[in-house]
Amino acid sequence: MNTMSEAKRLAVVGTQKMTPSEAFVETLVAQGVTDVFGIVGSAYMDALDLFPLAGIRFISVAHEQGAGHMADGYARASGRHGVCIAQNGPGVTNFVTSTAAAYWAHSPVVVVTPETGSMTLGLGGFQETEQLPIFSKITKYQAHVNNKARMAELTARAFDRALLELGPAQLNIPRDFFYGDIECEIPRPLVIERGAGGEQALDAAAELLASAQFPVIVSGGGVIAGDASAAAVRLAELLQAPVCNSYLHNDSFPASHPLWCGALGYQGSKAAMKLIAKADVVLALGTRLGPFGTLPQHGLDYWPKNAKIVQIDADPRMLGLVKPISVGICGDARAAAEALLARLSGKTLRGHANKGARLETIKAEKAQWEAELEGWTHEKDTWSLEISRSSAYMHPRQMLRELERALPEGAMVSTDIGNICSVSNSYLRLERPRSMFAAMSFGNCGYAFPTIVGAKVAAPERPAIAYVGDGAWGMSFGELATCVREEIPVTAVVFNNGQWGAEKKNHVDFYDRRFIGVNLDKQPSWAAVAKAMGAEGHRIDKLSDVGPALHAATAAQREGRTTVLEMMVTRELGDPFRRDALALPTRHLDKYKATAATR
Ligand SMILES: Cc1ncc(C[n+]2csc(CCOP(=O)(O)OP(=O)(O)O)c2C)c(N)n1
Ligand SMILES: [Mg+2]
């Protein structure tokens with residue numbers, strides 16, 4: 001932990017002689033950096049050496065991908081920069097997946113990539129690869145330190161751009177540029193206020209919302225990033241509009257609020273989908289309305305194609321990109337919501353005439369969805385019924401419900417991308433922002449665990465829980481070593497169904513159960529592995545043990561202990577991800593005819 005007093009941490013002021021390493025580290029200090037995730041490497045040893053005296057904690061991880069996800073989780077939990085660093089070449093290429101994931105999670109991660117030395121670049125020396133092209137499509141900004149004298153300037157710019165554009169920025173530094181003498185000033189962070197958006201657009205939006213008979217709000221990631229929750233609640237209350245969470249942003253509106261309806265998208269809330277289907281005006285607040293998050297679900301093609309859409313996003317490129325819109329507002333979610341509140345306050349709102357009926361509809365749809373969920377104790381398709389009949393293990397849905405009931409107040413939950421994690425979307429009701437860290441549109445297995453570790457570093461007082469499938473766990477459990485070594489206590493809930501379930505579901509639905517590479521046979525006991533690595537591990541196979549085990553594990557976090565709860569669940573499978581993108585197999589060659597669809 002950083003124990004250095006704030007005064008001591010202040011970055012140096014005025015133009016001074018320093019080394020580029022000092023300039024780099026002092027710029028980190030000026031940007032408020034207190035934690036950096038990575039694996040040591042000779043490329044940046046000279047700067048690393050300064051970290052302790054600068055009040056920066058270096059968190060040493062098991063794999064650079066883990067460091068990148070930790071920086072992402074840290075940024076998502078705190079709203080501050082997450083920072084990761086690695087050795088040039090292989091250390092840096094290990095950042096590719098985590099950087100792409102942070103890009104789609106809109107996380108201000110600064111990816112520091114020391115590069116091969118400038119005097120040997122291109123000669124095919126040691127640990128050399130072109131590091132800028134690799135990240136060009138998964139960063140918002142790339143700074144290349146082309147002269148050591150520009151170290152502070154370009155470091156600061158990478159930090160500024162990451163926050164300004166809400167996404168990863170790469171800082172590429174030829175390794176020899178850490179050494180030498182330079183004269184420079186440490187730039188202070190840029191503070192840019194985003195503002196509410198164009199006056200005319202706000203006026204037009206207010207007109208549309210005032211004239212709406214059935215307004216519905218979609219509350220997205222921008223509400224979380226823009227600290228706009230309170231404004232979103234006030235706007236919803238003024239309009240008396242139901243509020244849907246955008247896909248995987250279940251923490252974008254308090255779930256206990258009467259106007260909350262749940263999440264849109266894959267494994268989301270039927271109540272939310274049925275209510276938005278009735279909208280004549282949709283206010284998309286801080287959401288890009290991503291294509292995957294608005295696809296038909298549960299057999300409901302719910303998107304209201306005739307509704308007028310008012311979309312608010314800080315990134316102008318997202319406006320009208322996926323759905324046609326009537327009004328686009330390029331602005332900060334909170335400032336825009338407040339500007340709309342000011343405009344709507346004195347107006348006659350058409351939707352108030354039927355607000356009583358609308359509230360009743362919201363209540364009824366929520367009650368119906370709740371009753372359906374309560375009765376939906378297991379999956380009902382033929383495969384799931386067959387496979388779970390002879391199993392003594394828990395039904396995933398029942399297990400998820402028990403976890404939901406036992407979720408401690410203020411918990412942060414990260415979710416991976418498997419079938420059971422996806423089903424958990426229906427069982428994650430959250431009260432406060434910065435509480436859910438799903439693998440967003442990049443959808444990589446192995447996201448959830450390192451991400452919650454980073455979130456825990458940013459918010460050590462909050463219970464931190466990762467939901468992870470057993471396949472994804474195999475990819476990411478190495479970071480248990482980080483939790484133990486660095487004393488970052490978290491809880492991993494591992495769903496052991498002995499399979500790469502989400503993909504197996506495609507074999508079941510489209511490929512006549514010709515299973516290839518989807519069964520995870522002969523797995524180790526993950527509880528035993530956890531213990532061997534110095535964490536706690538418990539195997540849970542009874543529903544009645546789920547809640548108490550989660551309670552105990554999250555309580556153990558207060559004593560600094562990390563716990564793995566290995567949930568033994570049946571092999572049944574919920575609705576698939578990509579029904580939209582798969583087709584029954586067609587075969588023309590005789591050799592492959594046996595695999596052609598017969599249905
Ligand atoms: C890095 C990566 N590799 C492969 C995939 C394809 N994929 C998506 S879901 C999934 C299965 C996940 O299995 P598991 O983590 O065990 O969860 P389950 O579906 O069984 O609940 C796979 C392999 C992916 N999304 N990311
Ligand atoms: Mg699995």
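First, the conventions. Residues are numbered from 1 along each chain as its sequence is written, chains are lettered from A and ligands numbered from 1 in the order in which they are written, and side-chain values use heavy atoms, with hydrogens and water left out. Since this is a prediction, local features need pLDDT of at least 70 and side-chain atom pairs count only at pLDDT 80 or more, while totals for chains, interfaces and linings use all residues.

I start with the rings. How many aromatic pairs does the structure hold? There are 15 aromatic pairs. Rings of Phe, Tyr and Trp, the last by its six-membered ring, pair if their centres lie within 6.5 Å; planes under 30 degrees apart count as stacked, over 60 as edge-to-face and the rest as tilted. F292 and F577 form a tilted pair, because their ring centres are 6.2 Å apart and their planes stand at 40°. F292 lies in the loop between strand 12 (281–285) and strand 13 (308–313), and F577 in the segment after strand 20 (563–568), so the pair ties together parts that are 285 residues apart in sequence. Helices (H or I, at least four residues) and strands (E, at least two) are DSSP runs, numbered from the N terminus.

Buried means under 20% relative accessible area, exposed over 50%, and partly exposed in between, with a 1.4 Å probe and protein chains only. A further tilted pair is W473 with F477, with centres 6.5 Å apart and planes at 40°. W473 is buried at 1%, and F477 is partly exposed at 22%. Ring pairs also link F292 and F577 with Y247 and Y266 into a cluster.

Next, charges over rings, which require NZ of Lys or CZ of Arg within 6 Å of the ring centre and within 35 degrees of the ring normal. R161 lies over the face of Y141, 4.6 Å from the ring centre. The charged end of R358 sits over the ring of F214, at 5.6 Å from its centre.

Now ligand 1. Which of the 18 residues around ligand 1 come nearest? They are N419, D470, G471, G501 and A502; a residue is near if one of its heavy atoms lies within 4 Å. A backbone N or O atom of C445 lies 3.0 Å from a nitrogen atom of the ligand, and a polar backbone atom of G501 is 2.8 Å from a ligand oxygen. From E503, a polar side-chain atom lies 3.1 Å from a nitrogen atom of ligand 1. The protein covers 79% of the 580 Å² of accessible area that ligand 1 has on its own, by the Shrake-Rupley method with a 1.4 Å probe. Helix 18 (419–423), helix 20 (470–476) and helix 22 (501–510) each give two or more residues to the shell, and helix 20 gives the most, with 4 residues.

Last, two single residues. L321, in the loop between strand 13 and strand 14 (327–330), is exposed at 55% relative accessibility. N245, in strand 10 (residues 243–245), is buried at 1%. The side chain of N245 reaches the backbone oxygen of H249 at 3.5 Å.

Key
Polar contact = N/O pair within 3.5 Å; in protein donor to acceptor, adjacent residues only side chain to side chain.
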